[in-house]
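The sequence and the model come first.

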Amino acid sequence: MCEIEFDDDSACDKLSERDHVARVPHRCSSCGAMIHPGERYRALFLTSVDGPAHEKICPACLPDLEAFNRAHGVWVTPSSFDVLLEQCIEDEPDSRPRWEPVLEGIRQRNRIARGVPR
Ligand SMILES: [Zn+2]
Ligand SMILES: [Zn+2]
């Protein structure tokens with residue numbers, strides 16, 4: 001287990017969470033992928049140092065985010081998930097096989113979302 005410190009920017013209090021079906025397009029707060037109308041996503045209402053915020057998580061990120069939260073015993077803001085994954089891998093090389101594919105998946109979806117060729 002890594003020893004990264006979850007500061008006030010990355011950890012949050014979860015006020016509520018709900019699963020929705022998108023009626024209008026949204027973007028995943030974690031990977032930036034488009035959530036198209038008709039697709040499921042999870043809406044989180046949370047507070048961190050930046051104040052209350054609504055974040056949305058696509059189905060691809062959700063199980064990874066939940067696993068990361070469980071493994072570290074915190075709730076992280078979805079928008080800082082990729083940075084925290086980097087820190088975790090850097091801090092504890094043993095965690096690389098577990099989290100590197102997750103980070104790669106997020107980067108991959110983000111590249112696609114931005115239309116950047118691989
Ligand atoms: Zn996502
Ligand atoms: Zn870790």
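The model is predicted, and local features need pLDDT of at least 70, side-chain atom pairs count only at pLDDT 80 or more, and totals for chains, interfaces and linings use all residues. Residues are numbered from 1 along each chain as its sequence is written, while chains are lettered from A and ligands numbered from 1 in the order in which they are written.

**Helix 1**

Helices (H or I, at least four residues) and strands (E, at least two) are DSSP runs, numbered from the N terminus. A residue is called buried if 20 or more other C-beta atoms lie within 10 Å of its own, exposed if 12 or fewer, and partly exposed in between, with C-beta atoms placed from the backbone. In helix 1 (residues 62–72), Asp-64, Leu-65 and Phe-68 are buried. Viewed down the axis of helix 1, these buried residues fall within an arc of 100 degrees, so they line one face of the helix; the arc is that of the directions from the helix axis to the C-beta atoms. The face turned away from the buried side of helix 1 carries the exposed residues Pro-63 and Arg-70. Strand 5 (51–57), helix 2 and helix 3 are what the buried residues of helix 1 pack against, where contact between two residues requires C-beta atoms, placed from the backbone, within 7 Å. Just after helix 1, Gly-73 has a positive phi of about 65 degrees.

**Helix 2 and its packing with helix 3**

The buried residues of helix 2 are Phe-81, Leu-84, Leu-85, Cys-88 and Ile-89. They cover an arc of only 135 degrees around the axis, which puts them on the same side of helix 2. The buried residues of helix 2 pack against helix 1 and helix 3.

Two packed helices are described by the angle between their axes and the distance between the axes. Helix 2 (residues 81–91) packs with helix 3 (residues 96–114) at an angle of about 150 degrees, and their axes are 10 Å apart. Axes are lines fitted to C-alpha atoms, for helices over the stretch in contact, and angles run from 0 to 180 degrees between N-to-C directions. Helix 2 and helix 3 are therefore roughly antiparallel to each other, on a scale where angles under 35 degrees count as roughly parallel, over 145 as roughly antiparallel, 65 to 115 as roughly perpendicular and the rest as oblique. The crossing of these two helices is left-handed, a term for a near helix turned anticlockwise from the far one by less than a right angle.

On the helix 2 side the contact is made by Phe-81, Asp-82, Leu-85, Glu-86, Cys-88 and Ile-89, and on the helix 3 side by Arg-96, Trp-99, Glu-100, Val-102, Leu-103 and Ile-106. By class, this contact of helix 2 with helix 3 has eight nonpolar, no polar and four charged residues. Ala, Val, Leu, Ile, Met, Phe, Trp, Tyr, Cys and Pro count as nonpolar, Asp, Glu, Lys and Arg as charged, and the others, Gly among them, as polar.

Asp-91 lies in helix 2 and is partly exposed, with 13 other C-beta atoms within 10 Å. Leaving out residues up to four places away in sequence, Asp-91 touches Cys-2, Glu-3 and Ile-4. Arg-96 is in helix 3 and counts as partly exposed, with 13 C-beta neighbours inside 10 Å. Gly-105 is also found in helix 3; Gly-105 is partly exposed, with 14 other C-beta atoms within 10 Å. Ser-16 belongs to strand 1 (residues 13–21) and is exposed, with 9 other C-beta atoms within 10 Å.

The table pairs each of them with a second residue.

| Residue pair | Apart in sequence | C-alpha to C-alpha |
|---|---|---|
| Gly-105 and Cys-31 | 74 residues | 8.5 Å |
| Ser-16 and Asp-82 | 66 residues | 22 Å |
| Asp-91 and His-26 | 65 residues | 33 Å |
| Arg-96 and Glu-39 | 57 residues | 31 Å |
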